[in-house]
Amino acid sequence: MRRNILSSVAALALAASPAMAAGTITVITSFPDSMTGPIEAAFEAAHPDHDLEILNKKTSAGVKYIQEIAGDNTADIFWASAPDAFEVLKNDGMLAAVDIASEGIPEKIGAYPLNDPDGYYFGFAGAGYGIMWNERYLKANDLEPAREWSDLAKPVYHGHVGMSAPSRSGTTHLTVETLLQGDGWDQGWAQWKRIAGNFSTVTERSFGVPDGVNTGNFGLGIVIDFFGFSSRASGFPVDFAYPTVTALVPANIGVVKNAPNEAGAVTFIEYLLTPEGQAVLLDPAIMRLPINPATYAMAPEGFPNPFEDATIGATVEFDVETSGARYNIVNSMFDVMITYRLDDLRTAVGAIQSAEGAYAKSGNAEARAMIDEAWALIDANPIDEAQSLDPEFAAIFTKKRTKADDEVGERQAEVEQKWDSFVVENYRKATELAQQAAGM
Amino acid sequence: MSQQTTTPAAVRAGLADRLPVWLVPRVSGLHVAALLIALMLVGLLLVPVAQVMIVAFQDPATGAATLQNFVDFFRTSLFRESFWNSFYVSAMSVVVATAIALPLAYITTRFHFSGSILIQSLGFIPLIMPPFVGAVAMQLIFGRNGTVNLLLKDNFGISIPFMDGLNGVILVQSIHYFPFILINLSASLRNIDRSMEEAAQNLGSHGMRLFRRIVFPLAMPGYIAGAALVFIKVFDDLGTPLLLNVNNMLAPQAFLRISSIGISDPMGYVISVILVVFSILSLWASFLFMRGKDYATVQKGGGGMARRTLKPGEKVLAYGVVIFILLVVLSPHLGLLLLSFGTIWSFAPLPDGYTLANYVTMWENSKTFIMNTVLYAGIAATLDVIIGTAIAYIVIRTRIFGRKGLDYLATAALAVPGVVLGIGYLRTFHSIDVPLLDKPLASWWVIIALALMIRRLPYALRACTAALQQVSLALEEAAESLGATKRRTIQKVVIPLMTGGILAGFVTSFATAAVELSATIMLVSSNNDAPLAYGIYLFMQTPSGRGAGAALGIVAVIVVAIGTIASQIIIERDKKLKSSGDVH
């Protein structure tokens, strides 16, 4: 109680003396304490006149929070992984364009541009998606680690894989979109659904995946690299690998519009991009890829360097425009086809996998045809790529209207219900076909 | 405390006399009290929630008022399925929770059973664990590769899907919420007039028949109050299904749709409205069930029913049942305890090694969290029992216009998902500045306490209502006919007789407020103002922080357990005071 009263009194004192208030920088972040702590300590040591006030919120909650307090903004900085969260804030006019002075920072990491072209947010670290596995779990289940996305679709991994949903985690969204761009819309979705047929679960938080792998609740997880590195650094029997088709994306930082302490916010961002600021990213509990190539000289052995190792994240030219145009459609499709119908999908894919096993022995041509038909039912998408990029169709999901009399034909609930009946029926038919084929 | 006098007479008096005068609603001002409470509920609940829920009634395309979204809801097979799943899980959780609570309540109130207080307190502990922590611990023990299943696999080659899908939700929810039934049912059983039981025995009834026909029906108000709470709570609960990654239920569907980045689908808000309406309907059903029955007993017979001594055989059985139940319901805590002392725990029945390092890390970073929690939950629970008692009295004993509305409104808070309340508060209070403090009301720590107060008011209200239902009107009439004023009657007769229920309400509100996360996570505006559950959440977001988070969870359990045991002792002492026959 005393502390609260004290902090209230302190707030009063601060409000009364603007000179002191200039030192406090309020940061809304989705990054955990173990990451913000060392950076905060290093920053405050380098700039003793500044005080960093960290406020931890999930990315989605952080975006909502900034939107809700915009009328009387008290936050200076938004700091999170997902570039799309920044896009949302930028489009809502919640971020300020500022000039940041830095040296030796390249334009791109992998194939992804580091900074927002309009100067609303800036990359400060890189991250790529990959596969993380629990060594004890794999050993107990006699499994080899999967190295490529396509490996995860193999029948041996049925029920052993975990992932978060793109609507829940901005970084997961990037993985889904990367594969869609790398393999093409139809091929990419087919790949995702076949992998998802092996899912043990779709977690609600992105941290739920490394947590599930760490505890051994499931064996393999689709995670962002630093979760793998930092889990390993904490002592868990886990490891991590980048598949060939992956994108490196920047984790970002931006100044909130009408920030009470914009000068302080800029100071912090500039510090983060200095060689000293970048070096803190190599802390065992953080383990994010620095974007200053010079910093890799200080990295521990075996730490990947995307600026030298061209195989990491170079395959896919990530197209931000495409990703942005269908952002909500991809989220919604993933949820309708996978998250909410995981049981149906898993049953169907499991049935087809056993039918494949039976076919390998029998070689029955009729069974083959039925299996192919069943796969085609799984692979079928409710909409094609052209429709996913149709701005009018996308408007159903964003509901952003410039004029009050703008009309949109359908409602999201209607569209999703249509998709839902489509996939449920397909999964049911696929299961039936596969069961028949297995009996031949 | 400063109001406490030291005269010998006061020492012997009941709890109410030791309460400050302002705790007791002023009789002449019952209408004023009702009005103030109504205003408070409108300002702190209705307006903020309406700010959010209005979206459900707007055409997403034009912003015009419409009911189309509700039509969409019932046309969507996923939502119909989610509705059915939520209903099924809630009903099954009540059944399983009853199976856990009934033996504990019965054995500890009806027999001479050593350690009754301890069992009642231990039985309460499951409630005081943040749902996400509970789910983590339960996964470690009962999960697909948790302790139990790994041991089963190694030894017998089988595994049992305790935690898969809806089963997992039912198991975690029953273990988490059965104390609602236990605490209310125990209070009711203690309040049953011994003469009722004796009369039945004189007429030759005994054993199960006595229990089925006399004891259990008389304890109905408490049981129904508890069961209704469990049902509604499970129906609306978000944390557990989310952490078990079960999406096909209503509350998670609402949450997922409201909190997705960039999506502005009105269905999330539609589901929230439906949750509120359905919860109010369930309550109404429980009221209907109770209507027309009089559960009040005239005499407070020296602390409830006769306690019997158990025969040796019965004793073994009773201890066996109690120990088994406690082992099951406390397993999340055992898991948490192991996790807090463990080094690495991965795909193994037990942690690889043990250490104190987690507690050191936790202690360095969490003192503020603990202080804040005690402060917020204390404020919230105190206000809750004051308001809860007042509402219960107004609803049951007065004819004030719209009194039922107060009850429904306060109870509707149960049905408001925390995240909705949090967003509503930000929307409503951010533009209002606190006088003298030059910052928005929404980022002042008091708002967190108020949000907790509103979220936990239904618990206190149910407990107070059940307690008041068992106080016969005749007692009040007697006091008044002897010349006592209404105020004095409430102060000296009604509240002392309700003490057990009020304390039960306080403990429930305090304990659950102490671990609340969903509303507070939206409202915390500085880590210095953050409560404990938020601190655990912070720790648990990193691979290296799980142990420290678990350590903080253990601290939460200890803090609340001390509070619980202390109030149990007060109840018992108060009961002894009463039964020593001085004032009543």
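Colleague: Let's start with Met287(A): buried or exposed?
Modeller: Met287(A) is buried, because 24 other C-beta atoms lie within 10 Å of its own, and the cut-off for that label is 20 or more. Keep in mind that this is a predicted model.

Colleague: Where does Met287(A) sit in the chain?
Modeller: In a loop of chain A, between helix H13 (275-279) and strand E13 (289-290). Its backbone has a positive phi of about 55 degrees, although Met287(A) is not a glycine.

Colleague: And over in chain B, what phi does Phe347(B) have?
Modeller: A positive one, of about 50 degrees, and Phe347(B) is not a glycine either. Phe347(B) is in the loop that runs between helix H17 (331-341) and helix H18 (357-397) of chain B. It is buried, with 24 other C-beta atoms within 10 Å.

Colleague: Back to chain A. Why do you call helix H11 (residues 225-233) of chain A largely enclosed?
Modeller: Because 7 of its 9 residues are buried, the rest of the structure largely encloses H11(A).

Colleague: Which residues of H11(A) are the buried ones?
Modeller: They run Asp225(A), Phe226(A), Phe227(A), Gly228(A), Phe229(A), Ser230(A) and Ser231(A).

Colleague: What covers the buried residues of H11(A)?
Modeller: The cover includes strand E7 (121-134), helix H10 (208-215), strand E10 (220-224) and strand E11 (238-241), which belong to chain A. Have a look just after H11(A) too: Gly235(A) takes a positive phi of about 105 degrees there.

Colleague: While we're in chain A, how far apart are Ile396(A) and Pro243(A)?
Modeller: In space, 34 Å from C-alpha to C-alpha; in sequence, 153 residues. Ile396(A) belongs to helix H19 (residues 391-398) of chain A and is buried, with 22 other C-beta atoms within 10 Å.

Colleague: Changing topic: how many residues are in contact between chain A and chain B?
Modeller: On the chain A side there are 71, and they meet 61 residues of chain B. Helix H4 (residues 59-69) of chain A gives the largest share of the chain A side, with 8 residues. By class, that side of chain A has 27 nonpolar, 29 polar and 15 charged residues.

Colleague: What ipTM and pTM does the model score?
Modeller: The ipTM is 0.76 and the pTM is 0.80.

Colleague: Now chain B itself. How many helices and strands does it have?
Modeller: Chain B has 26 helices and 0 strands. Of its 584 residues, 55% are buried. If you take the contacts in chain B between residues at least 6 apart in sequence, 79% of them join residues at least 24 apart.

Colleague: Can we zoom in on a helix pair? At what angle do helix H20 (residues 418-429) and helix H21 (residues 445-469) of chain B cross?
Modeller: Roughly 135 degrees, with the axes coming within 11 Å. That angle makes H20(B) oblique to H21(B), and the crossing is right-handed.

Colleague: Which residues make the contact?
Modeller: From H20(B) you have Gly418(B), Leu421(B), Tyr425(B) and Phe429(B), and from H21(B) Ile447(B), Ala451(B), Ile454(B) and Arg455(B). By class, that contact comes to 6 nonpolar, 1 polar and 1 charged residues.

Colleague: Last one: what pLDDT does chain B average?
Modeller: It averages 81, and 88% of the residues score at least 70. Over residues 1-13 of chain B, though, the pLDDT is below 50, and that stretch has 9 contacts in the model beyond near neighbours in sequence. Where pLDDT is low, the predicted coordinates should not be read in detail.

Technical notes
Residues are numbered from 1 along each chain as its sequence is written. Chains are lettered from A and ligands numbered from 1 in the order in which they are written. This is a predicted model: local features need pLDDT of at least 70, side-chain atom pairs count only at pLDDT 80 or more; totals for chains, interfaces and linings use all residues. Two residues are in contact if their C-beta atoms, placed from the backbone, lie within 7 Å. Helices (H or I, at least four residues) and strands (E, at least two) are DSSP runs, numbered from the N terminus. Ala, Val, Leu, Ile, Met, Phe, Trp, Tyr, Cys and Pro count as nonpolar, Asp, Glu, Lys and Arg as charged, and the others, Gly among them, as polar. Axes are lines fitted to C-alpha atoms, for helices over the stretch in contact, and angles run from 0 to 180 degrees between N-to-C directions. Angles under 35 degrees count as roughly parallel, over 145 as roughly antiparallel, 65 to 115 as roughly perpendicular and the rest as oblique. A crossing is left-handed if the near helix is turned anticlockwise from the far one by less than a right angle, and right-handed if clockwise. pLDDT is the predictor's confidence in each residue, from 0 to 100. A residue is buried if 20 or more other C-beta atoms lie within 10 Å of its own, exposed if 12 or fewer, and partly exposed in between; C-beta atoms are placed from the backbone.
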